[in-house]
Amino acid sequence: MCAVREPTRAIVQTELGQETISKHIYGHFVEHLGRCIYEGIWVGEESPIPNTRGIRNDVVEALRQLNIPNLRWPGGCFADEYHWKDGLGPKSERKRMINTHWGGGVENNHFGTHEFMDLCEQLNCEPYICGNVGSGTVQEMQEWIEYINFCGSSPMADLRRENGKENPWNLKYFGVGNENWGCGGHMRPEYYADEYRRYQTYVRTYSDAAIFKIACGPNVDDYHWTEILMANASRLMSGLSLHYYVTDKKSFATEFAEDGWFDTLNKALYMEELIVKHAAIMDRYDPQKSVRLIVDEWGTWFAVEAETNPVFLHQQNTLRDALVAGVTLNTFNNHCDRVHMANIAQTVNVLQAMILTHGPKMLVTPTYHVFEMYKVHHDATLLPTYVEAGNYTYGGQSIPKVSISASRNAEGRIHISLCNLHPTEAEDIFCEITGDVQPFCASAQVLTSKEMSAHNTFDHPNLVRPEPYQDVTTEMNGLSLKLPPKSVVVIELNCSH
Ligand code: AHR
């Protein structure tokens, strides 16, 4: 006789919930790297590709659907080589430079501060600029802030006006260097902590709100870096960054078997441990949690696509990337007491992109769809969750089979995002909704496919996209649902009291 398996138990506690999931967790990142900015975003005013002041319309239109909260620029490693004054004035007269870190190509500086701010205005998002500590001066950083934010008359504010912008932009987010333990100067944490203290002094406040200053934080599990920065500079920072990529640089994004699926998701789940351990160090110096953890580079990093420039970091994006995004965003949601902002790398044509372009063609990736499905969590209240699902075991290693997070928005609607990491087994779940509410399912979407490596192509751009999800029924005190294998599901509940 076959034993009937009880459904997995999950709980969403609607009577609890204190922390807000900052919408900035759903931030993005564009760097002067490969075809991200040039081609992917900037095509120039003369391009036959439809554009607004040089910025491609199709890409802006697609990104607007994601309600992007913030955009980080100009790097990445490029940030510590970038001299912002080179990107001002008539384009034909702008100084050229060599993009030494990313292939040695000529950077014509056609996409500078004004163009980036225009992009942010078109996307209706906050700009997040990363300044140059590695090869730039304190004066250069000070003047950039004055150029962007000062409303009175001053050398930099007047220069901005000469370049056609009367009013300041009111920049809120500023990073003081990028990866200064590596491409940003190979500094020791003690040295960078002192440099941070000095540079940030001149990141002046010119508007009502102080600038949110982000210090360069650790590389992955460099807990010593976090310790030294918190001990020596935490009083002077609003955020400390963390960079962690899920890497398998020897394999293509689309060519993998179950071992590649398991390994990638296992690495994605490691984000949880990194946040917990870095946050524990931060807690010792900052129990009030006034310094926020800013995961301003994360995502998958696979081998570049065949016949593409090896330093352009161009990779395809499959259902596996969608699961990485779903699991990672659930992790950030669940740690929103410390994680305030995150920026997936990178928006177009580079690493775990939302969008791929080829000449005038454009497609959105499975990762894009996860960001669209999860936007319901922006600025919502995190609801504590619990899931008793068993493990997914492969090759003698085990990881949790199901990932979950939930929130309640300002209108009182509850959203639950669930990922089934198992590539072949569906998961029956009974999800108890606690609290004095009677839930009913208003709508639900699922992102899945038959193949682990399913992806969108320019010939078939809609192979992987969300579909209405039917396998959910409302019961007295919860929901019964069947999560398909390798899927991301987002459920919206209306609740009556
Ligand atoms: O996102 C690509 C690169 O990865 C960034 O330039 C750098 O900061 C990181 O090492």
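Biologist: So where does Leu 313 sit?

Modeller: Leu 313 is in the loop between strand E12 (292-303) and H8. Helices (H or I, at least four residues) and strands (E, at least two) are DSSP runs, numbered from the N terminus. Bear in mind that this is a predicted model: local features need pLDDT of at least 70 and side-chain atom pairs 80 or more, while totals for chains, interfaces and linings use all residues. Residues are numbered from 1 along each chain as its sequence is written, and side-chain values use heavy atoms, with hydrogens and water left out.

Biologist: OK, and what is phi like at Leu 313?

Modeller: Phi is positive there, near 50 degrees, in a residue other than glycine. Arg 53 has a positive phi too, of about 50 degrees, although Arg 53 is not a glycine. You'll find Arg 53 in the loop between strand E3 (51-52) and strand E4 (55-56).

Biologist: Which peptide bonds are cis?

Modeller: Gly 76 belongs to the loop between strand E5 (70-73) and strand E6 (97-99). Another cis bond runs from Ala 345 to Gln 346, and its omega is near -15 degrees. Gln 346 is in the loop between strand E13 (339-345) and strand E14 (355-358).

Biologist: Let's stay with Gln 346. How far is its side chain from the ligand?

Modeller: A polar side-chain atom of Gln 346 is 3.0 Å from a ligand oxygen. That makes a polar contact, meaning N or O atoms within 3.5 Å. Glu 31 has a polar side-chain atom 2.7 Å from an oxygen of the ligand, and for Asn 178 the distance to a ligand oxygen is 3.1 Å. The protein covers 93% of the 280 Å² of accessible area that the ligand has on its own (Shrake-Rupley method, 1.4 Å probe).

Biologist: How many residues surround the ligand?

Modeller: There are 13, and the closest are Glu 31, Cys 77, Glu 179, Tyr 245 and Glu 297. A residue counts if one of its heavy atoms lies within 4 Å. By class, the shell has 7 nonpolar, 3 polar and 3 charged residues. Ala, Val, Leu, Ile, Met, Phe, Trp, Tyr, Cys and Pro count as nonpolar, Asp, Glu, Lys and Arg as charged, and the others, Gly among them, as polar.

Biologist: New topic: what lines the largest pocket?

Modeller: Its lining has 13 residues, with Glu 272, Asn 334, Val 402, Ser 403 and Ile 404 nearest the centre. Two or more residues each come from helix H7 (258-285), helix H8 (319-334), strand E17 (385-387) and strand E20 (402-408). H8 gives the most, with 4 residues. The lining splits into 6 nonpolar, 6 polar and 1 charged.

Biologist: And which residues are nearest the centre of the largest cavity?

Modeller: Gly 177, Cys 216, Ser 241, His 243 and Asp 296, out of 17 lining residues. Strand E8 (126-131), strand E9 (173-176), strand E10 (212-215) and strand E11 (239-252) give two or more residues each. This lining has 8 nonpolar, 6 polar and 3 charged residues. On a 1 Å grid over the protein atoms alone, a cavity is where a 1.4 Å probe fits but cannot get out, and a pocket is an open set with protein on both sides within 12 Å along at least five of seven lines; lining residues have an atom within 4 Å of a point.

Biologist: Zooming out, how many helices and strands does the protein chain have?

Modeller: 9 helices and 27 strands. Taken along the principal axes, the C-alpha atoms of the protein chain fill a box of roughly 80 × 50 × 45 Å.

Definitions and conventions:
Polar contact = N/O pair within 3.5 Å; in protein donor to acceptor, adjacent residues only side chain to side chain.
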